[in-house]
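Student: Could you walk me through reading strands and pockets in a model like this one?
Tutor: Gladly, let's look at it together.

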Amino acid sequence: MPVDVDEVTLSSAEETAVVNARLKGEKAAAFTASPILAFDTVVGTDSSVFGKPTAREQAVSMLKELCGRTHVVVTAVYFRVNEKIIEKTEKTYVTFGAFNKDLVYNYVDSGAPYDKAGGYNIDDPEVRSLVTKIDGDYDSVVGLPVLLTEKLIEENLIYGEDGHCY
């Protein structure tokens with residue numbers, strides 16, 4: 001169930017992603033006793049934390065800052081089952097090549113960057129042409145760290161705390 005929360009931006013990408021995933025998870029938990037999975041993905045550099053751009057200038061600025069360097073993409077997972085809360089993060093390092101003005105402006109003008117952490121979707125062909133290296137979990141950059149999520153579900157829902165399969 002999608003939930004709407006006021007996302008925050010804190011001093012680090014990891015802290016921001018964890019708090020936003022927690023906000024989403026806690027809001028969803030208010031509506032159901034079922035297990036809850038919530039996620040948040042944030043992009044960061046040494047000096048900046050990027051959530052989702054809300055204006056053209058902001059999207060262009062984010063992509064300019066990310067080009068020609070490596071940045072971290074942090075996806076936080078909030079998992080709540082039987083009142084037990086588990087929070088984990090997955091970090092992936094993505095390197096973009098040099099800034100390509102035409103590509104970036106066309107991409108921004110397409111409307112694609114909005115509602116995307118760091119102003120990009122790694123699956124978009126324009127962005128793929130900027131990527132020179134990915135070090136870590138590709139699925140985490142997409143926004144769903146599949147292996148980490150499977151492990152959390154297996155260890156805490158399927159097998160439970162006592163190690164028995166339910």
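Tutor: Let's start with a pair of residues: Asp40 stands opposite Ala76 in β3. Keep in mind that this is a predicted model, where local features need pLDDT of at least 70, side-chain atom pairs count only at pLDDT 80 or more, and totals for chains, interfaces and linings use all residues. Residues are numbered from 1 along each chain as its sequence is written, and side-chain values use heavy atoms, with hydrogens and water left out.

Student: How many bridges join β1 to strand β3?
Tutor: Strands (E, at least two residues) and helices (H or I, at least four) are DSSP runs numbered from the N terminus, and two strands pair if DSSP finds at least two bridges between them. Here nine bridges join β1 to β3 (residues 70-81), and the two run antiparallel. β1 is also joined to β2, again antiparallel, by two bridges.

Student: Where is Thr45 placed, and is Thr45 buried or exposed?
Tutor: Thr45 sits in the loop between β1 (36-44) and β2 (49-50). Buried means under 20% relative accessible area, exposed over 50% and partly exposed in between, using a 1.4 Å probe and protein chains only. At 16%, Thr45 is buried. As for β1, seven of its nine residues are buried, so the strand is largely enclosed by the rest of the structure.

Student: What is Thr45 in contact with?
Tutor: Contact means heavy atoms within 4.5 Å. Leaving aside neighbours within four places in sequence, Thr45 is in contact with Phe50, Glu65, Leu66, Arg69 and His71.

Student: What volume does the largest pocket have?
Tutor: On a 1 Å grid over the protein atoms alone, a pocket is an open set of points with protein on both sides within 12 Å along at least five of seven lines, and lining residues have an atom within 4 Å of a point. A volume is the space filled by probe spheres set on the points, which are joined across faces, edges and corners. The largest pocket has a volume of about 320 Å³. Its lining has 16 residues, and the closest to its centre are Thr41, Asp115, Ala117, Val142 and Gly143.

Student: Which element gives the most to that lining?
Tutor: β1 does, with four residues. In the second largest pocket, of about 190 Å³, β1 again gives the most to the lining, with four residues.

Conventions. On a 1 Å grid over the protein atoms alone, a cavity is a set of points where a 1.4 Å probe fits but cannot get out, and a pocket is an open set with protein on both sides within 12 Å along at least five of seven lines; lining residues have an atom within 4 Å of a point.
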